[in-house]
Amino acid sequence: MRILTGQGRDTGAEMPENPILIARNIGPAELLDYGRKLKGVVLEEGSVGSHAAIVARSLAIPLIIHAGRITSEALNGDPILIDGDMGIVHLRPEETIAAAFRDKIAMQAEAQKRYAGLRDLPAESLCGARIQLYMNAGLMADLPSMQSSGAEGVGLFRTELQFLTRTHFPRRSELATLYSHVLDSALGKPVMFRTLDIGSDKVLPYMKPNDEPNPAMGWRAIRVGLDKRGVLKMQLQALIRAAADRPLYVMFPFVTEMPEFEEAHRVLMESIAREQRLGHPMPSDIRVGAMIETPSMAYAPKKFFEMCDFISIGGNDLKQFFFAADRENERVRRRYDTLSASYLTLLDLIRQRCDEARVPVSFCGEDAGRPIEAVTFAALGFRRLSMRPASIGPVKHLIRRVNLAELRKVIDEACEQGVTNLRRPITEWIARQ
Ligand code: PEP
Ligand code: MG
């Protein structure tokens, strides 16, 4: 690890070519430290729903979890092949396995070429529904993917990743410069900046750790922002300054009841007034959004939906709270399917409430990047999905092949028949298209 982080230069040890990191577990901040130097990560513990996994996806680093005994069996310098899609690890592989991997890589390269051919085409279904595909981002290194993937904007910019990569709290001027670069690279496409979402498994290395029994349900996201106003205001000021004469989209994470959004909204409006008084150029337009990540918000007063300029569903958290199943605990996480009738009914309710209030809604959790889930959300009526850039091609490919109105009928009929998990009828129907 010391070699990878550049602290081990004088140990005489050499950084291997295409290094794969093997560890018991890893946090998002640590993974960001290694960055793209790594070609893969194999963990004995870990979870697909963790922020380390999200960071790995955004860095396009294959990550394998639950590789039993790997830390004791692998020796430094051992050859290892990993398949991130299938969750497979081959330690000291034989030549036949290596040849199969080479074939798979060649086939994937072919598929990538096909997806690249769709880049400038709309994600339009056979029934004429147009779905906007946005990308999730959080690092400057993500932004070139905006052009290559054909994303129509950034539907979720996770600002905390910039805080996690530092050893100290960033200064307002540093953040303003960074956000301004993000907007420059977006070339006029919208970027939805989510204010700092720390807490849960996103622990800032330079902040006093909070000893909480259940951090995912603890002091995190907007709860921290409203209690530590100085940090929230500093970030909002940096965003306003960065936008200067350009539109600014700000969204607040983990809103659990309406007054939290009202309060955060008020802090933003005060920050705008302050910046104006100080003579800073104003954003040309300001849109304020909320992330729905707890089931409580599906039942929020109508006024909440009317107050929002846009809404984004954070499905990673929403699903863990809906099923009371920790997103970081593989054992319980996998028990509950995104395509369960009850969860889709909740999503449909949120979508309906947004439509009634005429507020645009998007889905930005990891599920939006899975083609079957993505077309299901589109069939429920979602018209904007935000995902990691590499998923845009596969999702668009499937959307263009299906009739969403027909898929909606399949979903409704299965629900009427009392089917509890819709994965089977949905995948069977897709296979027939
Ligand atoms: C989510 O919860 O779905 C989300 C997008 O936020 P994060 O994964 O960063 O918690
Ligand atoms: Mg979340």
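The talk below goes label by label, setting values against definitions.

Modeller: Gladly! First, this is a predicted model, where local features need pLDDT of at least 70, side-chain atom pairs count only at pLDDT 80 or more, and totals for chains, interfaces and linings use all residues. Residues are numbered from 1 along each chain as its sequence is written, chains are lettered from A and ligands numbered from 1 in the order in which they are written, and side-chain values use heavy atoms, with hydrogens and water left out.

Biologist: Let's start with the metal. What makes E293 and D317 count as coordinating the magnesium ion (ligand 2)?

Modeller: Donors are N, O and S atoms within 2.8 Å of the metal (3.2 Å for Na, K and Ca), and since water is not among the atoms, sites may look incomplete. The OE of E293 and the OD of D317 coordinate the magnesium ion at 2.0 Å, so by that cut-off they are donors. E293 lies in the loop between β11 (285–292) and α11 (302–307), and D317 in helix α12 (residues 315–322), so the pair ties together parts that are 24 residues apart in sequence.

Biologist: How do you know what counts as a helix or a strand?

Modeller: Both are DSSP runs numbered from the N terminus: helices are H or I with at least four residues, and strands are E with at least two.

Biologist: And why are E293 and D317 called buried?

Modeller: Buried means under 20% relative accessible area, exposed over 50%, and partly exposed in between (1.4 Å probe, protein chains only). E293 has 2% and D317 has 3%, so both are buried by that rule.

Biologist: Which label does A60 get, buried or exposed?

Modeller: A60 has a relative accessible area of 63%, so it is exposed. A60 is found in the loop between α2 and β3, and its phi is near 60°, a positive value in a residue other than glycine.

Biologist: What about F254, buried or exposed?

Modeller: F254 has 1% relative accessibility, so it is buried. F254 sits in strand β10 (residues 247–255) and has a positive phi of about 60° although it is not a glycine.

Biologist: Why is helix α2 (residues 51–58) described as mostly covered?

Modeller: In α2, 7 of its 8 residues are buried: H51, A52, A53, I54, V55, A56 and R57. They pack against α1 (28–34), β3 (63–64), β8 (154–158), α6 (160–164) and α12, where contact means heavy atoms within 4.5 Å.

Biologist: Now F157 in strand β8. Why is F157 called buried?

Modeller: Its relative accessibility is 0%, so F157 counts as buried. Leaving aside neighbours within four places in sequence, the contacts of F157 include A137, L139, V182 and F193.

Biologist: What makes R333 buried?

Modeller: R333 has a relative accessible area of 18%, so it is buried. R333 is found in helix α13 (residues 330–333), and beyond its neighbours within four places in sequence, it is in contact with S47, V48, G49, D326 and R327.

Biologist: Next, the helix pairs. What describes two packed helices?

Modeller: They are described by the angle between their axes and the distance between the axes. Axes are lines fitted to C-alpha atoms, for helices over the stretch in contact, with angles from 0 to 180 degrees between N-to-C directions.

Biologist: How are α17 (residues 404–416) and α18 (residues 423–431) placed?

Modeller: They pack at an angle of about 150°, with their axes 10 Å apart. That makes α17 roughly antiparallel to α18, because angles over 145 degrees count as roughly antiparallel, under 35 as roughly parallel, 65 to 115 as roughly perpendicular and the rest as oblique. In the contact, E406, L407, V410, I411 and A414 of α17 meet P425, I426 and W429 of α18.
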